[in-house]
Amino acid sequence: MTDTRQRLFISYAGPDRAWAEWAGWQLERAGHQVEVDRWDWQTGDDFIHRMDRALKNADAVVALFSNSYFAPERWTQIEWTSAVASKYRLVPVAVAPLTVDDIPPILSARLRKDLHGLDETGAAAALLEAVEGPSRPTGPVAFPGGAGTPEAVSGPEPTGQRPRLPSSAGQPDVWNVRRRNPTFSGREAQLVQLRDGLLNGGQSRVHALHGMGGVGKSQIALEYAHRFASQYDLVWWIDAEQADQFPVHYTELADRLGIAKPDAGSEHNARALLHDLRGRQRWLLILDNAEHPDQIDPWLPDGPGHVLITSRNPNWGDIAHPTALDVFTRPDSLTYLRGRIPSITDEQADTLAKDLGDLPLALAQAAGVIGNGMTLDRYRKLLTSSTARILREGEAPGYPASLAAATDIATTRLDDNHPDATALLRLGAFLGPEPIPTAWLETARPRLTTIPGDPDDLMWPHASLQHLGRYGLARIDHETFQIHRLTQAVLRDQTGPGQAALIRADATAIFAAVDPGDPETPETWPAWASLTSHLSAQHIGITNRPELRPLLLRAVLFLIRSGQSRAAHGLADSLRQAWGAELGQDHPDVLSCAQYFGHAMIDLGDSKNARPVIEETLERRRATLGDDHPDTLQSANDLGVTLNTFGEHAEARRMHEDTLIRRRRLLGDDHLHTLQSASNLGTVLHSLGEYEESRRMDEDTLARYRRTLGDDHPHTLHSAYSLATSLNELGEHNEARRMDEDTFARYRRTLGDDHPDTLHSAHSLATTLNELGEHNEARRMYEDTLARRRRLLGDDHPETLRTTHGSAVVLNSLGEHTESRRLNEDTLTRRRRTLGDDHPDTLRSAHNLAAALHNLGEHTQSRRLDEDTLARRRRTVGDDHPDTLDSAHSLAITLRALHAYPEAVHLLEDVRARRRRLLGDDHPDTLRATQTLANTLTAMGKRFEAQKLLSPKKQSKRRPGRKRR
């Protein structure tokens with residue numbers, strides 16, 4: 001007999017989970033191996049990877065078609081598109097009525113089986129026929145396990161309770177659940193997790209959803225009850241806030257089941273119900289808004305049913321399986337807002353969701369207000385200025401109270417029982433919305449005036465935090481606690497001016513007690529990230545706190561060093577303006593802010609506006625501090641860097657040489673500031689084409705950095721990156737590659753893939769690979785770097801354009817000249833607009849566009865561009881600069897293609913002579929010029945002269961052509 005067993009993957013939409021369970025059970029019963037979409041997957045599994053693996057391992061994909069399955073923006077679209085486009089067989093079965101318009105065109109032509117409207121025997125037969133084909137006997141088939149009826153299929157039953165056909169049962173007879181929330185959306189992962197937890201909990205199928213008020217615990221419980229109603233005989237909802245009312249609630253259920261004795265009293269009837277549930281199958285009790293586990297424990301039923309608890313209190317581990325419920329994911333927030341406010345744009349929805357911290361209740365209230373005539377801008381302004389007032393408004397379907405009211409209720413209860421915890425809550429409300437390390441509180445406790453009790457209490461703040469967690473007013477983790485931004489805003493709104501001033505003073509004391517360490521060392525960055533997230537909160541008012549100025553300046557430096565240039569720009573600018581108005585523009589702290597502000601602008605690609613800020617800062621520091629003050633020398637260093645970005649290399653060299661001399665004299669050769677100047681001077685020498693001198697400087701600087709800071713410090717890695725760049729220009733490509741690969745690996749490990757310095761290193765490695773002829777790998781690296789830089793910096797940032805330029809170069813190397821031309825033209829246009837016609841980077845784009853035009857046979861246009869570029873380079877960087885010689889070489893190649901041999905030979909002889917003098921006879925660029933000159937002489941018929949030029953040691957290993965830059 002032929003084995004008809006198959007490996008099946010069941011694809012479904014969240015609302016159809018009950019159908020997926022039923023279909024999976026039936027197919028396993030028939031002997032098939034089944035994987036239910038997201039059913040068998042663990043939390044944390046990569047969804048796309050698991051889906052792809054499931055499809056590859058499947059003989060067929062069983063797709064449960066419904067309106068939910070084809071809802072816009074559902075992840076199931078990924079599945080059915082993959083299945084249709086792949087070699088795998090798609091088995092569509094409809095579990096709900098569908099029209100042609102409901103189904104995407106790619107699937108509408110597929111024959112499908114309809115399961116909806118059939119009894120279980122017919123539905124099981126239809127499902128098996130769809131999977132196995134019409135040759136399989138289809139009936140009559142009874143329910144699996146049904147008494148006195150034929151078995152639907154042979155084989156052992158799958159483990160676990162047999163799922164019911166969803167359409168066969170409907171709502172159970174014993175039902176006490178309010179109507180379904182029509183605006184419910186999202187939470188599919190949580191519903192899957194909840195269903196799995198209840199199904200797989202063995203004899204202890206008690207699940208507790210806990211989280212802050214307004215996070216949607218009751219909404220998930222309600223949706224679960226309706227979505228899986230067909231799988232239960234009894235579903236009963238109990239408001240469990242008052243535990244002493246359990247006998248009354250249980251008596252109502254006992255009466256409904258016909259087991260209550262009217263004269264026995266509620267206590268007796270409640271116990272009778274608990275006894276009855278031990279022997280009853282398929283029941284679900286929902287205990288909503290329970291508070292105290294110890295009060296609930298005596299009333300938890302045993303037996304094979306399910307209990308679902310919702311609570312603010314997280315401490316359910318002893319009697320239930322607890323699951324913390326967080327706010328919406330951003331995609332869920334956007335889906336919800338678009339459903340409630342159809343006119344809202346994606347950008348508006350994203351901004352509003354961020355303002356509301358993705359809290360479901362707040363989103364529901366906002367949708368209610370905005371949907372009834374208030375503009376989005378007006379709502380956002382009120383959310384800032386009158387938080388508590390606006391959060392009392394708006395219809396929120398399914399929620400018993402507004403967010404402001406819910407916060408009031410919880411805070412009042414907390415204050416009545418634990419005033420010390422309320423004081424901590426209000427203090428936390430005046431910090432940022434990010435997690436707050438408890439170590440901060442412990443360190444600053446003696447300085448806090450708004451916290452009652454003994455400052456030396458060893459159990460503070462842990463005892464107070466437990467109460468905040470139990471009332472759902474904060475999320476407590478191992479070393480941090482977090483209060484939702486809207487809860488914070490409501491609490492701040494309710495705090496009087498006098499008390500608010502005292503609390504802000506305490507917040508300042510907390511910040512002043514924090515010392516994350518050196519902001520230039522990556523090991524300290526997690527601590528700095530935590531701190532700056534609070535310092536940047538608008539409501540704290542940090543700018544008028546003199547004691548925080550040193551900390552704030554270090555925070556800005558951290559943001560710069562960690563690659564967060566936009567955040568550094570914003571913080572430095574706000575401090576510069578506030579402190580400048582209070583202290584004057586010449587105050588050292590104001591000038592430090594100005595220095596960082598200019599630095600951040602350079603990093604953001606805004607060199608034009610950064611330059612006057614940096615120049616003014618240097619002038620003020622010279623006037624107030626003198627030429628040799630460390631701060632003055634730092635500004636001189638920054639101006640030298642800025643001049644180099646403008647292509648003013650000679651003046652940049654002069655400034656760096658002067659700064660280096662002063663720093664060596666004042667600080668010594670190995671001081672970090674001295675090494676900074678040495679490194680920057682090496683960069684300028686490289687820009688000037690003095691590669692040997694640049695190499696010498698970089699090697700010395702790198703050795704000193706390694707000795708003082710270690711191999712992995714960002715300063716060391718930057719020096720190594722600079723040295724590799726010089727080696728590449730000197731033709732030592734293999735050594736450059738070794739250094740580039742090592743530096744890139746260290747950058748990725750210490751700074752991450754998206755840090756600006758990591759991307760610099762990636763670009764350098766791609767350039768070296770291209771020089772070595774590994775064009776495909778270079779292309780891959782360029783494309784990855786370009787995608788990251790576009791996302792992080794935008795299309796017009798100088799570093800983005802630098803990588804776009806590199807991509808165009810490698811395309812030319814790969815022979816994709818048309819695409820190279822397109823990319824070069826776009827880059828040249830952007831560079832001319834942002835940098836000017838004579839900037840070195842602009843001229844590099846012009847040079848490479850000329851090369852692409854030459855390769856496309858457009859020699860006249862290439863000649864015109866080469867001549868213009870050569871003239872500009874001679875004027876701006878001189879006749880001996882490598883870029884100038886590249887342009888002359890390039891023009892000579894084009895002239896040869898146009899048969900202008902005498903002009904080509906004249907140019908090449910000059911280029912060769914200069915390169916021999918500057919680089920030596922054996923440098924690849926010299927050999928390239930020699931080979932090109934010999935080829936040109938040969939084309940003129942001067943073969944003897946050409947042979948004299950060429951000797952074995954002088955022939956280039958590379959085909960003569962243009963220098964790749």
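This is a chat about the predicted model shown above.

Colleague: Before I get going, what should I know about the model and the numbering?

Modeller: It's a predicted model, where local features need pLDDT of at least 70 and side-chain atom pairs count only at pLDDT 80 or more, while totals for chains, interfaces and linings use all residues. Residues are numbered from 1 along each chain as its sequence is written, and side-chain values use heavy atoms, with hydrogens and water left out.

Colleague: Let's go inside. How many cavities does a search of the whole structure find?

Modeller: Nine cavities of 30 Å³ or more turn up. A cavity here is a set of points, on a 1 Å grid over the protein atoms alone, where a 1.4 Å probe fits but cannot get out; lining residues have an atom within 4 Å of a point. Grid points are joined across faces, edges and corners, and the volume is the space filled by probe spheres set on the points.

Colleague: How much space is in the largest one, and which residues are closest to its centre?

Modeller: The largest cavity holds about 140 Å³. It's lined by 14 residues, and F184, Q219, F328, P360 and Y399 are the closest to its centre.

Colleague: Which helices supply at least two residues of that lining?

Modeller: α8 (217-227) and α14 (360-370) each do.

Colleague: What's the lining like by class?

Modeller: Eight nonpolar residues, five polar and one charged. Ala, Val, Leu, Ile, Met, Phe, Trp, Tyr, Cys and Pro count as nonpolar, Asp, Glu, Lys and Arg as charged, and the others, Gly among them, as polar.

Colleague: New topic: strands. Why is β10 described as largely enclosed?

Modeller: Strand β10 covers residues 306-311, and six of its six residues are buried, so the rest of the structure largely encloses it. H306, L308 and T310 point one way, V307, I309 and S311 the other way, and all are buried.

Colleague: Which strands does β10 pair with?

Modeller: β7 (residues 206-210) pairs with β10 in the parallel sense over five bridges, and V206 has V307 as its bridge partner. β9 (residues 283-290) also pairs with β10 in the parallel sense, over five bridges; there, I286 is partnered with L308. Two strands pair if DSSP finds at least two bridges between them.

Colleague: I also spotted a sheet of three strands. What's the order?

Modeller: That open sheet runs β12-β14-β13, with antiparallel pairing. β12 (436-437) and β13 (475-476) stand at the edges with a single partner strand each, so one side of each has no neighbour in the sheet. β12 and β14 (residues 480-482) pair over two bridges, and P437 stands opposite T480.

Colleague: Is E347 buried or exposed?

Modeller: E347 is exposed, with a relative accessible area of 64%. You'll find E347 in helix α13 (residues 346-355).

Colleague: Last one: H686. What is it in contact with?

Modeller: Leaving aside neighbours within four places in sequence, H686 is in contact with Y691, S694, T725, S726 and E729. Contact means heavy atoms within 4.5 Å. H686 lies in helix α30 (residues 672-687) and is buried, with a relative accessible area of 18%.

Note on methods: 1 Å grid on protein atoms, 1.4 Å probe; cavity = no way out; pocket = protein on both sides within 12 Å on 5 of 7 lines; lining within 4 Å. Helix = DSSP H or I, 4+ residues; strand = E, 2+ residues; numbered from the N terminus. Buried < 20%, exposed > 50% of the residue type's maximum accessible area, 1.4 Å probe, protein only.
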